[in-house]
Amino acid sequence: MTDVRLLVQRFDPFKDEEPRLVEYKVPKREGMTVLDAILYARDYVDHSIALRFSCRQASCGSCGMKINGRPRLACYTQVDELAGEKVVAQPMENFAIIRDLVTDLGSFFEKHAEVVPQLVRSDLQEQEHPTSEYVMKPEELTRVLQFTYCIKCGLCTSSCPTVATDSEFPGPQALAQAYRYTADVRDEGGDGRIAILDTPHGIWRCHFAGSCSYVCPKGVDPALGIQLLKRHVMSGHAPRKAGEGSPTAKAGIPAHGPGSGSSSGG
Amino acid sequence: MVGKLVEALRHDVVIVGSGIAGLRAAIEASRVSDGKLDVAVVTKLQAMRSHSVSAEGGTAAVLYPELGDSLDSHAFDTVKGSDYLADQDAVERFVREMPGEIYQLEHWGLPWSRREDGRIAQRWFGGYSYPRATFAEDKVGFFEMQTLYDTATRYGGIHFYQEWFVTSILTEGGEFRGVTAIDMKTGSFVQILGKAGIIATGGSGRLYSFATYAYSSTPDGMATALRAGIPLKDMEFIQFHPSGLIPSGILITEAVRGEGGVLVNKDGERFMKRYAPAKLDLASRDVVSRAMMTEIEEGRGFKDQATGLDYLHLDLSPIGDEKIKSRLSQIREIAIKFRGIDPAEKPLPVRPVCHYVMGGIDVDIDGATRIRGLWAAGEAACVSINGANRLGANSTAECLVWGKFTGAEAARYAAGKGAASTVGEQVQLEEKRIFDGIFHGKGGTNPYEIRDSLQRLMAKDVFVYRTADGLSEALRTIRELKTKDFLHCEDRSRVYNTNLNDVLEVESMLIVAEVVIAGALARTESRGAHARRDFPKRDDKNWLKHTLAFWGPDGLRLDYSKVTITKYQPTERHY
Ligand SMILES: Cc1cc2nc3c(=O)[nH]c(=O)nc-3n(C[C@H](O)[C@H](O)[C@H](O)COP(=O)(O)OP(=O)(O)OC[C@H]3O[C@@H](n4cnc5c(N)ncnc54)[C@H](O)[C@@H]3O)c2cc1C
Ligand code: SF4
Ligand code: FES
């Protein structure tokens with residue numbers, strides 16, 4: 001049995017001046033994920049390693065971190081799929097570090113809440129006391145579906161160069177969700193959301209680096225969502241055409257991160 | 001870390017847990033009070049990370065009576081599935097409430113899968129006589145959580161305490177006063193006082209390591225309730241889902257069999273035809289899990305070399321490539337990512353896996369506990385609509401219905417009450433227990449190894465089939481584990497100390513495991529998910545009753561309570 005050389009970035013704000021990498025030896029087993037490896041170190045070598053995790057199946061969004069330099073979910077990354085003989089786990093970029101691998105996502109969740117991520121309707125009485133469903137054709141559902149898969153893991157926002165330089169920019173996660181609700185045929189809140197986002201720090205700050213879509217583990221394409229929001233503002237039409245000619249593809253950037261497409265999802 | 005005065009926060013309604021039940025309760029409490037009440041949701045995770053996101057296959061409700069479904073049929077299927085241990089008045093209330101909840105979530109934005117005509121689609125699920133599992137691809141719980149969380153941000157007056165670990169329930173004279181909690185980001189110990197409370201801390205599935213559950217599903221809430229004097233009900237009934245994926249137990253949803261997947265043994269035989277000739281692979285879960293263990297014990301299983309686990313095959317080929325890729329995309333992704341198998345090409349290795357606990361905090365039909373002003377909802381509670389065996393798709397449904405009921409009840413109760421007063425002495429004792437006892441505690445035993453030992457004994461002696469010998473042995477071992485010196489914390493930091501939480505969780509696990517085992521040993525019959533090799537028959541004369549486990553200074557005490565039967569008389573079950 002070989003060992004995995006696991007390096008975890010440690011930082012306790014009360015004790016440490018600077019983050020440092022600490023190496024742990026972890027016995028390897030078949031099918032081991034990076035989360036398995038870190039938990040082995042935490043349970044049997046050093047109980048003080050702090051990290052977030054819960055579902056261990058890429059559904060809850062807890063375990064986003066930088067693994068060998070790239071934003072990934074620890075539970076969804078096989079040790080074997082990483083190149084090189086070391087596994088290096090570090091906290092996500094663009095967020096303050098609380099401790100070790102744990103980052104502060106407070107403002108990330110606030111930005112999500114600010115884009116009105118709910119179905120907005122004028123028939124409040126019906127919405128709160130339903131008599132039946134709002135009809136939605138399967139093809140109308142399909143148009144928004146990929147954007148609904150977002151697990152709020154923060155990986156896209158951690159990879160975004162605009163977020164790194166403009167703290168007022170909502171970030172790819174929030175903007176993709178603004179698109180998700182606006183493009184839903186049942187929703188009437190598009191204009192309200194656009195009013196919030198049609199600003200210099202809003203959608204127009206995105207200059208389409210595309211890294212968000214590349215790192216998303218759930219096959220969401222936030223860059224596409226942002227482009228469609230922009231198109232909506234310019235055309236003055238409801239953005240209900242996600243299926244049509246993807247600007248992401250036109251720009252020559254992969255439309256989805258690895259492992260996405262029809263096999264992806266929450 | 002230990003302050004002289006413990007800070008007190010005050011709210012009208014204090015909800016512990018932010019899964020489907022906790023979030024639904026929070027919205028209802030806010031809604032019935034028009035946003036006037038101040039509602040706190042205290043949760044040890046970031047709110048939207050709760051275990052509920054893992055629910056995949058469906059939520060049961062009668063949506064199409066005009067096509068032949070009926071409330072009566074949903075109720076009967078549920079009671080029959082429960083092996084007649086469900087309280088039938090609660091079941092009747094439950095099925096009536098459910099259609100409204102499906103439409104409510106739809107109106108809040110949930111992307112339910114649709115029929116061609118744009119109405120909500122439904123599919124088959126094990127144990128039902130009509131395809132009434134409402135679904136959103138195979139991410140039902142995820143979308144329910146997303147919809148509830150996103151919608152909750154719209155309601156006024158809901159305050160989230162995220163990554164706050166609740167350690168105890170405060171009471172005075174049989175009345176709820178609040179909870180104590182550790183704020184993980186700062187390490188401070190705080191009392192959150194409330195006029196009314198709801199415990200929605202989920203199930204205790206992590207008593208097993210081969211489990212479909214999230215790591216966070218430890219019985220903290222159940223143990224705090226026991227300590228506060230509330231009994232746990234029917235804890236010996238634990239559902240083992242037929243299909244956990246080797247090696248870690250990730251769920252392969254029943255929807256796979258609903259869509260046409262079949263279980264096959266080593267001889268290539270569809271063995272379910274010998275156990276459940278009518279329902280075959282879609283018989284209720286206990287029936288299928290027992291059949292699988294019998295196949296394995298009689299030598300018709302396969303063995304996984306790496307883990308030593310025995311398994312059977314789940315063959316998806318009858319479903320067809322296209323449907324596997326469209327309707328079961330998440331399962332396909334999981335199989336590829338966690339086992340390296342594309343189920344469109346090869347069968348999946350599966351075995352029974354801990355999946356759901358039917359038991360929980362004893363509550364009445366409104367979700368009220370024995371403590372005035374305190375309710376419990378969701379998997380943490382036992383109403384009971386699930387009896388000895390829950391049907392799939394009924395538990396997310398239960399979370400919604402009793403989330404709503406308890407939210408409304410708690411809000412009404414709180415509206416009529418004056419400000420909550422503190423109970424200083426209890427808070428100080430709790431602070432001592434945690435900080436003097438554990439944070440500054442000493443000991444040589446690794447708490448994570450205690451957890452491992454506990455999980456091993458549960459897998460060995462408290463699994464699908466049980467015997468008096470095995471259970472007695474398990475009880476002895478668990479009492480021995482409790483005497484080990486594991487109550488200490490190696491991590492000395494105040495900030496985000498998960499080591500401290502983990503020790504608290506292990507302590508809760510030991511208490512609740514003892515309740516499970518004692519209840520199972522006492523119940524000398526087989527019913528639903530509780531299968532005794534030495535008592536293979538259901539015994540209605542002596543055991544048509546709920547187990548109640550009380551915790552006191554002298555340890556554990558068992559008592560029993562009546563099952564409510566309205567119109568469905570117990571008969572033998574055939575599938
Ligand atoms: C893989 C899988 C698939 C499933 N599929 C289905 C399905 O298709 N249909 C169906 O009906 N059911 C399904 N279930 C069952 C269903 O998911 C659960 O019963 C349900 O989600 C439980 O929700 P809950 O709200 O009671 O609690 P949970 O979602 O478990 O939430 C518990 C909450 O309590 C909090 N908490 C716990 N302890 C503490 C503490 N000490 N302090 C503070 N907070 C605390 C947690 O942070 C969390 O927010 C499935 C279960 C599994 C495991
Ligand atoms: S869009 Fe993708 S990467 Fe971004 S938060 Fe959502 S799931 Fe994570
Ligand atoms: S632990 Fe839930 S996404 Fe990794």
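Residues are numbered from 1 along each chain as its sequence is written, while chains are lettered from A and ligands numbered from 1 in the order in which they are written. Because the model is predicted, local features need pLDDT of at least 70 and side-chain atom pairs count only at pLDDT 80 or more, whereas totals for chains, interfaces and linings use all residues; side-chain values use heavy atoms, with hydrogens and water left out.

**Inside chain A**

Chain A splits into domain 1 (3-103) and domain 2 (106-251), with bounds from an automatic or database domain assignment. Their C-alpha centres lie 30 Å apart. On the domain 1 side of this interface, A:Pro71, A:Asn94 and A:Phe95 supply 41% of the area that domain 1 buries against domain 2, more than any other three residues.

**Chain A against chain B**

Here A:His47, A:Arg56 and A:Glu133 supply 13% of the area that chain A buries against chain B, more than any other three residues. One of the salt bridges joins the side chains of A:Arg42 and B:Asp502 (2.8 Å, N to O). Helix H1 (34-44) of chain A is among the elements that give two or more residues to this side, and H1(A) contributes the largest share, six residues.

**The two interfaces in numbers**

Contact means heavy atoms within 4.5 Å. Buried area is the accessible area (1.4 Å probe) that two parts lose on being put together, summed over both. A salt bridge puts a side-chain nitrogen of Lys or Arg within 4 Å of a carboxyl oxygen of Asp or Glu.

| Interface | Residues in contact | Buried area | Carbon and sulfur part | Salt bridges |
|---|---|---|---|---|
| Chain A and chain B | 73 residues with 73 residues | about 6100 Å² | 49% | ten salt bridges |

Terms used
Helices (H or I, at least four residues) and strands (E, at least two) are DSSP runs, numbered from the N terminus.
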